[in-house]
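Work through the exercises below with the sequence and the model at hand. Try each task before reading its solution.

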Amino acid sequence: MGGVNEIGSNKAVSVATTPPISAPPSQFHSPSLSRSPLLASDDHIQPANKTPRISTPRFVTPLGSPIRRALQLTRLDPHDAWLPITESRNGNAYYAAFHTLCSGIGIQALVLPVAFTILGWTWGIITLTLAFIWQLYTLYLLVQLHESTETGMRYSRYMQLCSATFGEKLAKWLALFPIMYLSGGTCVALIIIGGQTCKMFFDVICGGTCTAQPPTIVEWFLIFTSAAVLLSQLPNLNSIAGVSLIGAITAFGYCTLIWVVSVIEGRTEGVSYNPVRGSTEVTRIFDVFNTLGIVSFAFRGHNLILEIQATMPSDEKHPSSVPMWKGVKIAYTLVAMCLFPLAIGGYWAYGQRIPENGGMLTALFVFNGKGTSQFILGLTSLFVIINALSSFQIYGMPTFDDMESVYVKKKKKALPWWFRAILRAMFGYGCFFVAVAIPFLASLAGLVGGIALPVTLAYPCFMWLKVKKPKAFTPIWCLNWVLGLLGMALSGVLVAAGIYVIIDTGVEVSFFDP
C-alpha cells in the first residue's frame, strides 16, 4: 500500500507525499475505510483543490499500544461513497434492529412446524434451540469481524470479508452462489409468496360477492413486483430504515396472529403427533436431514449483517460493533418470540396435518378459515404482503450494490438517478420472470437450506479463525473448528438429502404455470 504511516511510541510520524485524490464531499464521512476505530478525521483523503498536510493522528500517545504500533493507515476507496450500501453512514442501534428483524424473520418461518412432523416434539425443540444458539453465535462473530484493528479496514459486504480471508478465487467458489441466491433467489420467492397472498387477500375481502373478474395469479405476481420496484427506488440502505421498521412490525404481527389464532381454535380433529416415518431406513434418514435443512433455512439474514453494520458511523472510542450488537440482541429476542411459539403452537394445533406448502399460513385458512373472523384473516394476509415488500428491499440491496459498482468502478462517478431506476426495475422484473418460470421454487426449501447453510453456520467460524488467529487447542479455537467443520459436513449431507427427497417424493414441476 502506498503512503504507509509507521506509528511508534518513540518515533516521529512520517507521511509519504502522495498526489491528492478527488472524491465527493460525502466521501469524507462514508467510505469503507473512513470512520473506522483506528482512523481519525485527520487521516481522511484530501479534496483535489487542497494540498496534503502532515499531521499526527489524535490517538497517538507516548504509551503506544501493540495494536497502534502495528497499525497501517490505508488509502480510502472513493467508490464506496457512491454505492447504496455505504453511501450513508448515519445508522444506529435502532436502525440495525429494524433491518436485522426484517431480514431475520420471514415467511420461511411458517414451515417450521413441518420439521416437527418428522423430528417429533423432543428432537424438534432441541434442534430448533441448538440451531438458534449456533446461528446467534456466528452472527456475533460477523459483527466482531466487520472492523479490522490491524489495518483499519471495514468489511462492508459479506463477499468482501470472504475474499479478504480466503482469497478471491476460493471465496467465489465457496460463497458467491449462496450469497447471490440469498439475495436474488429470496426476492424471487418473495414475489411468489407475495403474489399468492395478494390473491388470498382479495378473496377474503371480496368473499365471493365481487362481480369484477379477479386478476390471474401471474397478474398478481406482476402487481406485487411493480409495487416492489417502485419501493426499490429509495437510494440506499439507510433510507429504507422506515421500510424495515414496517416490515419488522408486520412480520412480528402475522407470526403472532397465526400461532395465537391456531392455539385459540384448538387442535384439529384427528391430530396426531407421531413422527412421520418413511417406508425404508434410507428414506427415514434422508427425511430427517432434509428437515434439518428446513430448520436451518428459517435462520437467514447473515449475508446482510456486515452490510447493515456498514451503515453505522465508527471511530476509536465508539466502534460500530457496540450499537450493532445491541440492535442484534433486540432483534433476535423478538425473533425467538416469533419462531418458538410458531413452531410449537403450530405443531400442537395441527400435528401431522400441517401442509408442507405454505405451512402455518395455509393451515390457518384450510382448517380455521370458516371459524376465524374475516378481519383477522384479511389482516394476516395484509401483514404478509407488507412484510414481503419490505424484505424485498433489504434482500435486493446487495444485488443493487453489485450492479451499480460495475458502473461506478468504470466511470469513476456516481450512477445517474435514471440509470439506477432502470437497473433496479430490470432486477425486479427479472425476478418476476423467474417467479413465473419456476413457481415451484418454494418446494426446494430443504435443498436450498443445505446450500446456503455454510454462509450462516460455517464460514463465520473459519473467517474468525483466519483473522483473529487464536492460540491452537484453546477452547475458543476448538469450538470454532468443530462448528465450522460440522457446518460444512451438515451442508453436504443436507444437499444430498434434499436431492434424494425431491427424487423420491417428487416435486410438481410446472414451468411458466404458477
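The exercises that follow concern a predicted model.

**Exercise 1. The chain as a whole**

Task: State how many helices and strands the protein chain has, and what share of its residues is buried.

Solution. Start with the secondary structure: the protein chain has 16 helices and zero strands. Next take burial: of the 514 residues, 53% are buried. Last, look at contacts between residues at least 6 apart in sequence: 83% of them join residues at least 24 apart.

**Exercise 2. A glycine in a helix**

Task: Decide whether G484 is buried or exposed, and find what it contacts.

Solution. First locate the residue: G484 lies in helix α16, which covers residues 475-505. Its relative accessibility is 0%, and buried means under 20%, so G484 counts as buried. Beyond the neighbours within four places in sequence, G484 is in contact with A458, C461 and F462. A further distance to check is that to T138: the two C-alpha atoms are 9.8 Å apart, although 346 residues separate G484 and T138 along the chain.

**Exercise 3. Two aromatic pairs**

Task: Classify the ring pair of Y140 and W325, then that of F202 and W220.

Solution. The whole structure contains 20 aromatic pairs. For Y140 and W325, the ring centres are 5.0 Å apart and the planes stand at 70°; an angle over 60 degrees counts as edge-to-face, so this pair is edge-to-face. The pair links distant parts of the chain, with Y140 in helix α3 (residues 112-145) and W325 in helix α10, 185 residues apart. Y140 is partly exposed, at 34% relative accessible area.

For F202 and W220, the centres are 5.6 Å apart and the planes at 55°, and the pair is tilted. F202 belongs to helix α5 (residues 168-206) and W220 to helix α6 (residues 217-231), 18 residues apart. F202 is partly exposed at 23%, whereas W220 is buried at 10%.

**Exercise 4. Salt bridges**

Task: Describe where the partners lie in the salt bridges D203 with K199 and E404 with R424.

Solution. The count is six salt bridges. In one of them, D203 and K199 have their closest N and O atoms 3.5 Å apart. These two residues are four apart in helix α5, so about one helical turn separates them. D203 is partly exposed at 39%, and K199 is partly exposed at 35%.

E404 and R424 meet at 3.0 Å, N to O. This pair links distant parts of the chain: E404 is in helix α12 (residues 374-411) and R424 in helix α13, 20 residues apart. E404 is buried, with a relative accessible area of 1%, and R424 is buried at 0%. Salt bridges that share partners join E404, R420 and R424 into one network.

Key:
Residues are numbered from 1 along each chain as its sequence is written. This is a predicted model: local features need pLDDT of at least 70, side-chain atom pairs count only at pLDDT 80 or more; totals for chains, interfaces and linings use all residues. Side-chain values use heavy atoms; hydrogens and water are left out. Buried means under 20% relative accessible area, exposed over 50%, partly exposed in between (1.4 Å probe, protein chains only). Contact means heavy atoms within 4.5 Å. Rings of Phe, Tyr and Trp (its six-membered ring) pair if their centres lie within 6.5 Å; planes under 30 degrees apart count as stacked, over 60 as edge-to-face and the rest as tilted. A salt bridge is a side-chain nitrogen of Lys or Arg within 4 Å of a carboxyl oxygen of Asp or Glu.
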